[in-house]
Each structure stands twice: as structure tokens, then as C-alpha cells.
Amino acid sequence: MKFLSKVVVQLSSRLGVLVCGLLLTKWIIYNLTPQEYYNYSQITDLLTAFILVIISLSVPSLALRFYSQQEFRDDPVRVAKFWTTMLYLRIFSYFVGLAMLIIGLKIIDQPNWQLAIVLYTAQFVLIVDSIYKSITDATARSYTYGITDLIGKVAIVVVLFSVNYLNWISSDFRIYFFGLVLLGGYLLSLLLDIIWNKSYTKLGKADFSLIKDNSKSIFYFTATGFLSFVYISSFTYFLKLYNIDVLSYNSYITAFFKIFSTTATFGLILMPSIAVHFTEAYKTKNWPSLKKSLIKYSLVTISLYILYAIASPVIYWLIDPTNKYPMTLQYAFWLLPLIGVYLTNSFINNITTLLHQEKWDFWVTTILFVINLIAQIILVPMFGVMGTVTAFYIVLLSDLGLKLVLLIYTLNNRQTQKNVQI
């Protein structure tokens with residue numbers, strides 16, 4: 001019952017975040033021209049997202065691993081060393097990312113550098129805040145992160161629509177104002193998470209040997225995250241490279257990022273906690289608990305399919321009632337069969353991370369990167385948006401097959417090692 005109540009709070013807050021995200025998309029579609037929307041997506045979905053994957057340096061994954069160990073949480077000295085070191089690493093990574101942003105703006109010939117810096121900073125705050133999600137996942141308190149996330153998103157929506165209603169902002173400044181409001185809302189969520197998790201994040205003396213000792217994990221986590229981002233989101237580059245028309249481009253990124261990815265978040269937010277329970281049950285051979293974990297995963301996956309099928313038309317109607325991008329809903333339904341595959345891949349990823357298999361995760365992701373590259377190069381010039389959808393099918397199904405093989409190998413190898421020790 002305790003788990004159920006937490007899930008209800010978590011899903012309710014996620015539903016609120018989803019609605020807020022859709023309202024933000026509605027604001028963008030209503031206030032920006034197709035070309036402005038295209039330019040905005042180039043900054044957020046391609047350039048800054050690419051940079052943030054690199055400079056995240058796997059800190060959330062390391063936090064999930066460390067904080068999922070009870071002996072670590074019970075040692076205030078180790079907690080303080082880890083947390084302080086990661087804080088310094090975060091500050092350093094911001095300026096590294098800023099330098100990469102300036103270079104990237106020149107490469108993609110994007111002149112709106114003021115907007116890019118504001119949006120980059122806002123998204124960086126989200127990345128910083130994501131470490132708190134890992135901590136709450138590892139300590140079975142994910143619902144707290146959901147609540148703070150919701151508060152920040154509600155604040156953003158209220159400010160944006162209030163100012164828009166009062167017509168205080170000129171059309172030329174609206175997109176910059178949007179970025180500043182995002183930054184303020186994300187900072188609010190971060191501040192609340194800092195307060196709520198202060199007992200888990202005591203500061204002390206930094207220990208940079210932690211970075212050296214975990215350098216391989218940092219490399220593999222970061223490289224895997226980078227390659228995963230590329231094979232999941234590279235269509236934004238290929239669609240631009242092959243000159244897909246702006247309306248089709250905007251329709252597909254809306255379907256993918258605002259309907260598919262947003263709906264998938266309902267399941268993704270629960271997967272780390274379920275994976276932690278699964279892994280602990282397997283380690284202790286608690287088969288009833290292991291079975292419960294698999295049942296939870298199955299229920300979440302089935303529920304997500306139902307939610308996606310029902311919610312997609314509602315989401316489209318909410319964000320684009322004037323039918324400005326008419327192909328959005330069709331693209332969203334093309335992606336429907338993949339929602340469970342996407343969720344399953346995330347579930348397995350969390351398990352292999354907890355079992356210290358980041359090296360093999362990296363090699364699997366490298367294979368997927370190559371598969372995606374070949375598929376996009378062949379299919380997008382021939383079929384346009386339908387080509388990128390087909391490539392996504394090929395990559396996610398390949399991902400599922402390879403991750404299942406990795407999971408079975410990892411569990412069998414762990415069992416063999418235990419038998420040898422006995």
C-alpha cells in the first residue's frame with residue numbers, strides 16, 4: 001500500500017508536469033512562426049541537448065549507484081566527499097559546455113547566441129537537478145522529485161500565460177522571455193530539491209580521487225549517454241541535412257518530443273525504482289520480491305500503451321487546436337508500437353547500471369549508433385520523415401534484442417561467480 005500511495009503521488013505529479021509541458025508547447029506553437037519554432041528546436045533539441053549529454057559526465061548514474069547502497073548512505077563522511085566532489089565537477093562542466101555552445105552556434109550557423117545561452121543555462125539547471133532524481137530513486141523517494149518538478153513547471157506556465165494574456169511582451173522579445181521564465185522555474189525546482197534532500201547531501205571536503213577511481217565508469221556512462229542521444233535524437237540533424245520542409249519537420253519533432261517522449265516519461269520515472277527492487281531481490285535471491293518487481297514493470301508498460309493511445313489525440317488537440325502542424329498526430333501513432341520497447345530498454349539499462357555493466361552497455365550502444373547511422377543515411381533521403389520513423393523502429397528493436405542478451409549474460413555470469421565462491 002505504501003508503494004501504491006507513492007506511485008499515485010508520483011504519477012499524479014507527472015501528469016501535472018505533462019499538462020504543463022503541453023501548455024508550454026501550446027504557447028510556443030501559438031506565439032512562434034514555423035521558422036522561429038524550427039530555430040528554437042535546433043537550439044534545444046539538437047545543439048544544447050547534445051552538449052548537455054556530454055558534460056553531464058554521468059553524475060546522475062554515479063549517484064544512483066552510490067546512493068542505492070545502504071552502507072554508503074549510513075557513512076556521512078563518504079556522502080560528504082562524494083557530494084562535494086560532484087558539486088565542483090558540475091560547476092566546471094557548465095563553463096566547458098558554454099565554450100562548446102559558442103563553437104556549436106558557429107557550426108550550425110545560428111545567430112541567436114543570447115537565446116542559446118539562456119536556453120543552455122536553463123537546461124543545465126535541469127541536468128543539475130537530475131542528480132536529485134537519482135538520489136530520490138535510490139532512496140525510494142521518487143515522489144518528492146515529482147512534486148518539486150511540478151511546482152517549478154506550474155510556476156512557469158502561470159507566469160507565461162499571465163504575461164501573454166496581459167500582452168506585456170512584444171512579439172520580438174517573446175522567445176527570449178520564454179527562456180528566462182524557463183530558467184526561473186527550473187531554479188525554483190532545484191532550490192526545493194536542495195532543501196528537501198539536505199540530509200542526503202551534506203557538504204564536506206572534496207575528494208577528487210573519486211573521479212580517478214570512477215574514471216572508467218564516467219567514460220563509459222558518458223560515452224553511452226552520448227551515443228544513445230545520437231541514435232535517439234539524430235533525426236533532427238538528418239531531417240535538416242536532407243532539407244525536409246519546415247512544416248513536416250516541426251510536426252515530427254512535436255510528435256516525438258511532445259507526445260511520444262512526454263508520455264514515455266510516465267513509465268521512465270518509475271523504472272529506476274523498480275530496477276533497484278529487482279536488482280536487490282536478485283542479489284538476495286528473494287524470488288517473491290523479484291516476481292513483484294516484474295509484475296510492477298508489466299503493469300506500468302501495459303498502462304503506458306493504453307495511456308498513449310488515449311492521450312495522443314487529446315494532447316494534439318490541446319497543443320495545436322488550430323491544426324498548424326497537421327501531420328503531428330499521424331506521426332505520433334506511427335510511434336505507438338515502440339512505447340513499450342522504449343520503456344523496456346530503459347528498465348534493462350537501469351538494472352545493468354546497478355550491476356556495474358557500463359562497459360558492455362557502451363559497446364551495445366556503439367553497435368546501435370552504427371545501425372542508426374546506416375539506417376538514417378539510407379532511409380531519410382528515400383522516404384523523408386517516414387524514413388526516420390523506420391530507422392527508429394530498427395534501432396529500438398535492435399536495442400531490445402542486444403540489451404536482453406546483455407541482461408541474461410550479466411545475471412548468469414553473476415550467478416556463476418557466486419557458485420564458484422561457494
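Helices are DSSP runs of H or I at least four residues long, numbered from the N terminus. Being four residues apart in helix α7 (residues 142-166), Lys-153 and Asp-149 are therefore separated by about one helical turn. The model is predicted.

**Salt bridges**

- Lys-153 and Asp-149 are both buried.
- Helix α6 (residues 113-138) contains both Lys-133 and Asp-137, four residues apart, about one turn of the helix. Lys-133 and Asp-137 form a salt bridge, with 2.8 Å between the closest N and O atoms, and both residues are buried.
- Helix α18 (residues 385-421) holds Lys-403 and Asp-399, again four residues apart, about one turn of the helix. Their side chains meet in a salt bridge at 2.9 Å, N to O.
- Lys-403 has a relative accessible area of 2%, so this residue is buried. Asp-399 also counts as buried, because its relative accessibility is 2%.

**Packing of α2 and α12**

- Helix α2 (residues 34-55) packs against helix α12 (residues 246-268) at an angle of about 50 degrees, and the axes are 10 Å apart. The two helices are therefore oblique to each other.
- The crossing of α2 past α12 is left-handed.
- On the α2 side, the contact residues include Pro-34, Tyr-37, Tyr-38 and Asp-45; on the α12 side, they include Val-246, Ile-253, Phe-257 and Lys-258.
- By class, the residues of this contact comprise eight nonpolar, five polar and two charged.

Notes:
Residues are numbered from 1 along each chain as its sequence is written. This is a predicted model: local features need pLDDT of at least 70, side-chain atom pairs count only at pLDDT 80 or more; totals for chains, interfaces and linings use all residues. Side-chain values use heavy atoms; hydrogens and water are left out. Axes are lines fitted to C-alpha atoms, for helices over the stretch in contact, and angles run from 0 to 180 degrees between N-to-C directions. Angles under 35 degrees count as roughly parallel, over 145 as roughly antiparallel, 65 to 115 as roughly perpendicular and the rest as oblique. A crossing is left-handed if the near helix is turned anticlockwise from the far one by less than a right angle, and right-handed if clockwise. Contact means heavy atoms within 4.5 Å. Ala, Val, Leu, Ile, Met, Phe, Trp, Tyr, Cys and Pro count as nonpolar, Asp, Glu, Lys and Arg as charged, and the others, Gly among them, as polar. A salt bridge is a side-chain nitrogen of Lys or Arg within 4 Å of a carboxyl oxygen of Asp or Glu. Buried means under 20% relative accessible area, exposed over 50%, partly exposed in between (1.4 Å probe, protein chains only).
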